[in-house]
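Morning, everyone. Please have the sequence and the model open while I talk.

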Amino acid sequence: MNMEYKVEAHRIMSISLGKIYNSRVQRGGIKLHKNLLVSLVLRSARQVYLSDYYGGVCVRSPHAGGVEWGEGDQMDSDGSRSTPDEHGGESALVSDDSVRIPEVSVNGPAAAVEGQDIEDLAPGSDYNCQQSPQEDVGSVKTAVSAKRPDASPSPSLSPGAADAEGENQEGSGSAETGGPGSGSEHCVSRSENSQQGSAEVTATCCTRKRGAERSASAGSPVKRPKATAVPALPPVGGEGEGPEDMDTGNVSSLITIFGSSFSGLLSKEGAQPATDSEDSDSGKICCEQMLPNLNPWSTAIVAF
Amino acid sequence: QAETTPLLPPADIISTVEFNQTGELLATGDKGGRVVIFQREPECNNEPYCQGEYNVYSTFQSHEPEFDYLKSLEIEEKINKIRWLPQQNAAHFLLSTNDKTIKLWKVSERDKRPEGYNLKDEEGRLKDVSTVTSLQVPVLKPMDLMVEVSPRRVFANAHTYHVNSISVNSDCETYMSADDLRINLWHLAITDRSFNIVDIKPANMEELTEVITAAEFHPHHCHLFVYSSSKGTLRLCDMRAAALCDKHAKLFEEPEDPSNRSFFSEIISSISDVKFSHSGRYLLTRDYLTVKVWDLNMENKPMETYQVHDYLRSKLCSLYENDCIFDKFECAWNGSDSVIMTGAYNNFFRMFDRNTKRDVTLEASRESSKPRAVLKPRRVCAGGKRRKDDISVDSLDFTKKILHTAWHPAENIIAIAATNNLYIFQDKVNSEMH
């Protein structure tokens with residue numbers, strides 16, 4: 001019984017992702033209404049899929065879980081507040097009406113800085129859409145910066161103000177890449193893991209994101225050449241883990257990618273000055289680079 | 001994911017249908033940016049049952065495809081909506097809109113032309129002044145009727161998102177245009193600026209939860225308008241209250257039935273069309289499976305709910321896969337607000353009599369549309385006993401959808417757009433419809 005719902009939810013998620021992907025090439029521009037509805041379905045299906053995941057049906061490799069929990073311990077020692085319980089798990093996603101998919105750290109300990117959370121998450125997603133292939137990481141990463149009390153607060157971002165926000169993003173980003181930086185990414189992976197099995201994906205992505213930030217910080221925050229979309233950094237836990245870990249959380253990672261992609265769509269649709277043709281290109285690059293690392297069925301989506 | 005191959009040139013697909021206020025003219029817009037206006041021929045007084053037929057009056061290209069280079073976006077030329085202005089002189093005016101630009105067109109007749117110019121000859125060439133020996137007054141002579149259409153105003157660059165509705169105010173001076181997140185108020189004579197009266201764009205687009213799906217002015221009160229959302233809510237706004245009508249005067253919303261919850265609950269609750277009744281007392285809304293009549297004085301639930309095709313409720317997943325669940329059906333009132341009509345699949349359309357609570361399903365097809373043919377009611381069989389001529393749900397053709405319908409403002413004449421065909425049905429005295 002659980003398996004049926006899971007399979008159905010999985011199927012609906014893949015269909016939804018295909019629709020979002022297709023919408024980028026449709027004539028007349030991205031239809032905001034339709035994409036919003038598709039993202040709502042995607043979110044509902046993901047909720048069912050992941051809640052079912054913790055309902056006891058686990059077909060994924062177990063070792064991935066071990067990695068996160070180990071890293072999670074570091075986070076505790078780092079002094080950050082978050083624990084898995086406080087995040088409220090999937091309910092965080094359920095209760096929030098936002099279409100943003102990876103809103104993992106908004107509730108719980110981040111509640112104290114929730115206003116800042118929302119603002120911070122926006123720069124992350126938008127920022128990522130403009131530069132790096134790991135769009136999902138951006139939102140998660142900035143959630144981290146929200147949690148850290150010493151992170152420099154980013155002003156609320158509307159995509160049009162990406163210039164200024166990009167700078168601030170860099171600022172908080174570089175603060176993160178400092179000493180406590182390693183703790184931040186573990187913090188992220190821990191929070192992710194508390195809600196889904198795809199934390200390993202995020203952990204790897206997080207590292208790459210930081211790398212992308214480093215390379216991007218050298219240049220202007222607005223003009224991020226496509227070259228920076230392919231950072232090459234040693235991931236936490238070893239590169240070998242990456243693809244295997246991707247396997248286990250493939251759908252969730254796809255969702256985080258497309259979830260962030262969707263916010264990228266929105267920023268593009270918003271026609272703000274900061275968005276330009278690079279958006280669609282880098283978004284596409286993001287998908288094309290991430291997806292081949294995942295298992296074959298995801299490549300089918302790329303083929304759409 | 002199955003893709004339906006279009007068998008017809010997509011540019012011919014009708015995308016909007018609208019009668020003018022007298023019903024004498026019927027305008028259609030299509031995906032190719034063209035507008036075709038039909039005019040009703042005067043009724044012949046000889047035969048009692050001879051009612052005027054609609055013939056093509058004028059055809060013109062309203063919108064062309066455009067390309068927004070800044071955003072690398074193609075702007076479709078498809079006509080999303082046409083609205084007629086109330087007639088104030090011999091000419092007719094209509095507003096037509098695509099995703100981004102609204103245009104005001106003047107439709108006028110010319111059936112006389114001046115002849116006998118002094119300085120020009122019959123072909124318009126200038127005469128040699130020395131050959132003019134006497135002066136004459138030019139006279140108007142009859143000519144073959146010519147319908148001229150000219151663009152009078154272009155209202156552009158006011159919408160970031162896709163325009164889904166336009167509505168002319170009862171003051172006949174202003175109109176509004178609505179896109180996914182904003183509604184703008186225009187003066188018909190002023191094109192270089194508009195006033196934003198509704199803005200639901202969140203500061204952070206990631207928090208977007210609903211979009212505007214349709215908007216309309218009240219037929220009599222020039223300060224009232226309504227807009228519907230993708231969450232199934234209606235907001236009645238009063239422009240006297242504030243310049244920015246973000247705070248609604250009334251919010252119409254029906255609580256969701258938890259027993260019907262599914263992955264697709266949100267999609268099917270999205271309102272695709274909203275229409276004020278002619279009286280101005282009621283609102284008609286269409287969502288994916290139902291049409292609802294709301295009383296302006298009752299906000300917590302609709303007055304009446306009619307099932308259009310509830311047999312699709314168990315098929316929502318397939319309809320999601322083939323994108324049909326995103327189809328935006330329109331709805332219409334008859335002139336007396338006693339019957340409502342909306343389209344469905346398989347070229348079926350449905351009518352609901354609010355007084356008798358009877359409903360009928362009819363089909364717009366070539367077979368049923370021979371002149372003087374009486375439409376035969378159809379039935380969709382969702383299982384169980386199947387009668388002769390019933391259509392089973394599984395054999396419905398979902399590529400044949402009737403999204404756009406219009407009802408003559410006074411008489412029982414309806415215009416049904418079935419893909420690229422326009423059907424006009426008139427009620428005869430002995431017909432089943434009334």
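Let's start with a definition: a salt bridge is a side-chain nitrogen of Lys or Arg within 4 Å of a carboxyl oxygen of Asp or Glu. Asp310(B) and Arg313(B) make one through their side chains, at 3.0 Å from N to O.

Two housekeeping sentences. This is a predicted model, where local features need pLDDT of at least 70, side-chain atom pairs count only at pLDDT 80 or more, and totals for chains, interfaces and linings use all residues. Residues are numbered from 1 along each chain as its sequence is written, chains are lettered from A and ligands numbered from 1 in the order in which they are written, and side-chain values use heavy atoms, with hydrogens and water left out.

Back to that pair. Buried means under 20% relative accessible area, exposed means over 50%, and partly exposed lies in between, using a 1.4 Å probe and protein chains only. Asp310(B) has 33% relative accessibility, so it counts as partly exposed. Arg313(B) has 26%, so it is partly exposed too.

In general, side chains of opposite charge can pair when their charged atoms come close. Glu18(B) and Arg83(B) are both buried.

Next, Arg235(B) and Glu210(B). Their closest N and O atoms are 3.6 Å apart in a salt bridge. Arg235(B) is in strand 17 (residues 234-238) of chain B, and Glu210(B) is in the loop between strand 14 (195-199) and strand 15 (212-217), 25 residues apart. Both residues are buried. There is also a network of salt bridges, linking Arg27(A), Lys31(A), Glu74(B), Glu76(B) and Glu77(B).

Now rings. Rings of Phe, Tyr and Trp (its six-membered ring) pair if their centres lie within 6.5 Å; planes under 30 degrees apart are stacked, over 60 edge-to-face, and the rest tilted. The whole structure has 19 aromatic pairs over all chains. In one of them, Phe155(B) and Tyr175(B) have ring centres 5.1 Å apart and planes at 75 degrees, so the pair is edge-to-face. Phe155(B) is in strand 10 (residues 139-155) and Tyr175(B) in strand 12 (residues 174-178) of chain B, 20 residues apart. Both are buried. Elsewhere, ring pairs join Phe263(B), Phe264(B), Tyr320(B) and Phe326(B) into a cluster.

Charges meet rings as well. A charge sits over a ring if NZ of Lys or CZ of Arg is within 6 Å of the ring centre and within 35 degrees of the ring normal. Lys120(B) places its charged end over the ring of Tyr117(B), 4.4 Å from the centre.

On to the cores. A nonpolar core is a set of buried Ala, Val, Leu, Ile, Met, Phe, Trp, Tyr and Cys residues joined through side-chain atoms within 4.5 Å. Which residues have the most contacts inside the largest core? They are Phe264(B), Tyr288(B), Tyr320(B) and Ile325(B), in a core of 48 residues. Helix 2 of chain A gives the largest share, eight residues. Contact means heavy atoms within 4.5 Å. Leaving out residues up to four places away in sequence, Phe264(B) touches Ile12(A), Val41(A), Leu316(B), Cys317(B), Tyr320(B) and Ile325(B). A second, separate core has 16 residues, including Met351(B) and Trp407(B).

Most residues other than glycine have a negative phi. Asp337(B) is not a glycine, yet its phi is positive, about 65 degrees. Asp337(B) is in the loop between strand 23 (331-333) and strand 24 (339-343) of chain B. Its relative accessibility is 7%, so Asp337(B) counts as buried. Asn347(B) also has a positive phi, near 60 degrees. Asn347(B) lies in the loop between strand 24 and strand 25 (348-353) of chain B, and is buried at 9%.

Last, chain A overall. Chain A has 14 helices and zero strands. Of its 304 residues, 61% count as buried.

Technical notes. Helix = DSSP H or I, 4+ residues; strand = E, 2+ residues; numbered from the N terminus.
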